[in-house]
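Dear colleague,

Please find the structure below, handed over for your own reading. A short account of the findings follows it.

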Amino acid sequence: MQAPIMDGVRVKRGSGEVVRLPRGASLTDFAEKIDAMPADLVKVLIGMGEMVTATQSIDDDTLRLLGQELNYDVQVVSPEDEDRELLESFDLEFGEDEGDSEDLEIRPPVVTVMGHVDHGKTKLLDAIRSTNVVSGEAGGITQHIGAYQVIAKAEGGDRPITFIDTPGHEAFTAMRARGAQVTDIAILVVAADDGVKPQTIEALNHAQAADVPIVVAVNKVDKEGADPMKVRGQLTEYGLVAEEFGGDTMFVDVSAKQGMGIDTLLEAVLLTADAALDLRANPHQDAQGVAIEAHLDRGRGPVATVLVQRGTLHAGDSIVAGDAFGRVRAMLDDEGNPVEVATPSMPVQVLGLTSVPGAGDTFMVVAEDRVARQIAQTRQARERNAQLARNRVKRSLEDFLESLQKGEVQELNLIIKGDVSGSVEALEDALLKIDVGDEVNLRVIHRGVGAINKNDVTLASASKAVIIGFNVRPEGKVAELASEEGVDVRYYSVIYQAIEEVEAALRGMLKPEYEEVQLGTAEVRDLFKSSKFGTIAGCLVQSGEIKRNSKARVIRDGAVVAENVTVVGLRRFKDDVTEVREGFECGINLGNFQDLKLDDVIETFEMREKPRKG
Ligand code: GDP
């Protein structure tokens with residue numbers, strides 16, 4: 001049944017049916033679901049006061065409102081649900097171990113080191129690694145691949161522990177935000193000479209929010225003024241009560257610098273894991289896990305460090321990691337040695353992906369390359385749509401009013417592509433710290449690792465963004481596409497240069513401020529009437545110079561009687577001239593302003609752009 005909604009538009013009204021649409025869907029997607037013409041939906045939306053094109057992606061609220069208007073129950077499907085459904089369509093599931101409890105085997109704990117800046121997180125990670133390398137041989141070339149495994153001495157035999165090599169709770173929480181919880185236990189580092197600090201509390205909150213048990217490493221006990229007991233006292237206030245005080249948190253005194261207490265700390269990690277957690281996984285299934293760090297290697301192509309969470313990863317497996325896919329060509333452990341298999345909690349570098357996944361993306365082994373490619377491509381398309389939707393976030397009315405009051409808010413959109421995720425993040429951080437006042441906003445609408453590709457350019461063109469390439473170049477014909485689309489792509493290899501240029505661009509975007517600069521004054525000594533020009537004032541230039549075509553005002557008895565007039569004619573005797581200097585006589589014609597009197601002062605000036613404070 002086609003009922004007219006408005007003049008000339010016939011759209012089938014629903015009767016309350018559910019229409020599921022992915023976040024960022026377009027009117028074309030919507031139309032397809034309800035068997036209507038996209039153009040008709042465009043008209044309906046125009047009727048509702050929204051101008052959008054058929055292929056533009058629409059925000060959640062507008063999709064729902066349009067649904068109401070047409071009597072459909074629009075359900076915007078979250079990316080997580082959508083991904084689950086995507087995997088289901090291939091009979092796959094992420095996150096659960098296959099089989100029952102008999103199939104599960106003990107796996108090593110995965111540990112993140114957190115704490116206040118300068119309390120020794122990095123030093124501790126280094127100390128742990130250098131005293132307990134898996135191969136047992138010291139002096140080997142250690143590689144920072146984002147995670148490493150060490151062997152800890154424990155009752156009943158040696159046991160491995162996996163450490164995430166990027167210290168700090170930011171990385172931890174960024175991964176959690178992507179739905180990837182890799183950390184089982186957090187080591188909270190507190191310097192004994194400095195005590196509990198704001199970031200200590202922050203780290204603690206992050207760990208507690210994620211329900212991750214904490215082991216406290218009281219560091220720098222070698223230092224004068226170290227007071228490990230004070231740290232224990234301070235932390236009781238935050239619910240971390242040391243075992244020796246009747247609580248259940250293990251505190252271990254260490255000196256990362258002297259390598260002291262490390263073994264005890266590792267033992268405490270294992271004891272805490274055994275007491276608080278049941279860390280088991282099924283090693284006999286297709287591998288699943290999380291990409292911890294990834295970059296584009298000039299020689300080897302995309303390289304991703306993955307942490308296997310369940311199953312066993314083999315060379316030759318087809319995998320999909322976020323929106324990247326490929327076949328595992330080779331695997332390397334944290335010392336750069338080739339490995340054939342990776343079991344639960346083991347971090348390995350994987351070569352063979354066709355693009356670079358994001359840190360925190362989940363990965364899984366699938367039966368065929370084709371499946372991996374299809375899942376990756378669906379995710380790519382979805383991410384593109386979601387980005388387009390995000391870029392058109394409607395500003396709230398309050399924001400809008402505020403920006404109206406302040407004068408138009410301007411925004412510079414950026415897309416950052418870099419060779420490693422670390423540098424992309426560092427650059428984004430630094431850029432977002434640039435402050436040129438409230439009038440100009442900087443927004444990073446997309447960031448990623450790898451060459452600048454077609455999607456980046458499309459996105460940039462759609463959202464009028466500038467692309468920043470940090471140590472990366474465009475793929476194939478992408479540079480041409482960018483110039484066709486009028487997309488500005490800039491390349492840098494030094495962070496501060498990028499910052500400098502972006503800052504300059506931001507300043508350029510600021511509306512110029514003008515200031516008035518006085519050029520000269522002239523006093524009216526005589527008045528003539530010309531049949532051709534009207535009033536001509538015979539003047540004496542008293543200061544500066546009078547220039548033809550400059551702006552002028554007329555002052556009589558100290559008051560401005562004419563503002564915003566122009567020196568239309570300027571003469572010396574019978575000749576037209578462009579300027580007359582101080583002390584000379586001249587004839588001035590102010591065009592439309594004819595009402596000059598004797599003794600009036602004509603003041604000329606120009607507006608000059610004021611340089612912004614640097
Ligand atoms: P992070 O910011 O938490 O990663 O801290 P770092 O590991 O970079 O350490 C900060 C500073 O404290 C460095 O100068 C380290 O050498 C020093 N440091 C770290 N651990 C110890 C320790 O156990 N004893 C002493 N005396 N200094 C330490």
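Which atom of Gly120 lies 3.0 Å from an oxygen atom of the ligand? It is a backbone N or O atom of Gly120, a polar contact in the sense of a pair of N or O atoms within 3.5 Å.

The model is predicted, so local features need pLDDT of at least 70 and side-chain atom pairs count only at pLDDT 80 or more, while totals for chains, interfaces and linings use all residues. Residues are numbered from 1 along each chain as its sequence is written, and side-chain values use heavy atoms, with hydrogens and water left out.

A backbone N or O atom of His119 is 3.4 Å from one, and an N or O atom in the side chain of Lys220 is 2.9 Å from one. The protein buries 76% of the 570 Å² that the ligand exposes when taken alone (Shrake-Rupley method, 1.4 Å probe).

Around the ligand there are 15 residues (a heavy atom within 4 Å), and Asp118, Lys121, Thr122, Lys123 and Asp222 come nearest. Helix H5 (residues 121–131) supplies the largest share of this shell, 3 residues (helices are DSSP runs, H or I, of at least four residues).

Elsewhere, the axes of helix H2 (residues 38–47) and helix H3 (residues 60–70) come within 11 Å and cross at roughly 95° (lines fitted to C-alpha atoms over the stretch in contact, with angles from 0 to 180 degrees between N-to-C directions). H2 is therefore roughly perpendicular to H3 (65 to 115 degrees). Leu41, Val44 and Leu45 of H2 meet Thr62, Leu66, Glu69 and Leu70 of H3 (heavy atoms within 4.5 Å).

With kind regards

Conventions: Polar contact = N/O pair within 3.5 Å; in protein donor to acceptor, adjacent residues only side chain to side chain. Helix = DSSP H or I, 4+ residues; strand = E, 2+ residues; numbered from the N terminus. Parallel < 35°, antiparallel > 145°, perpendicular 65-115°, else oblique.
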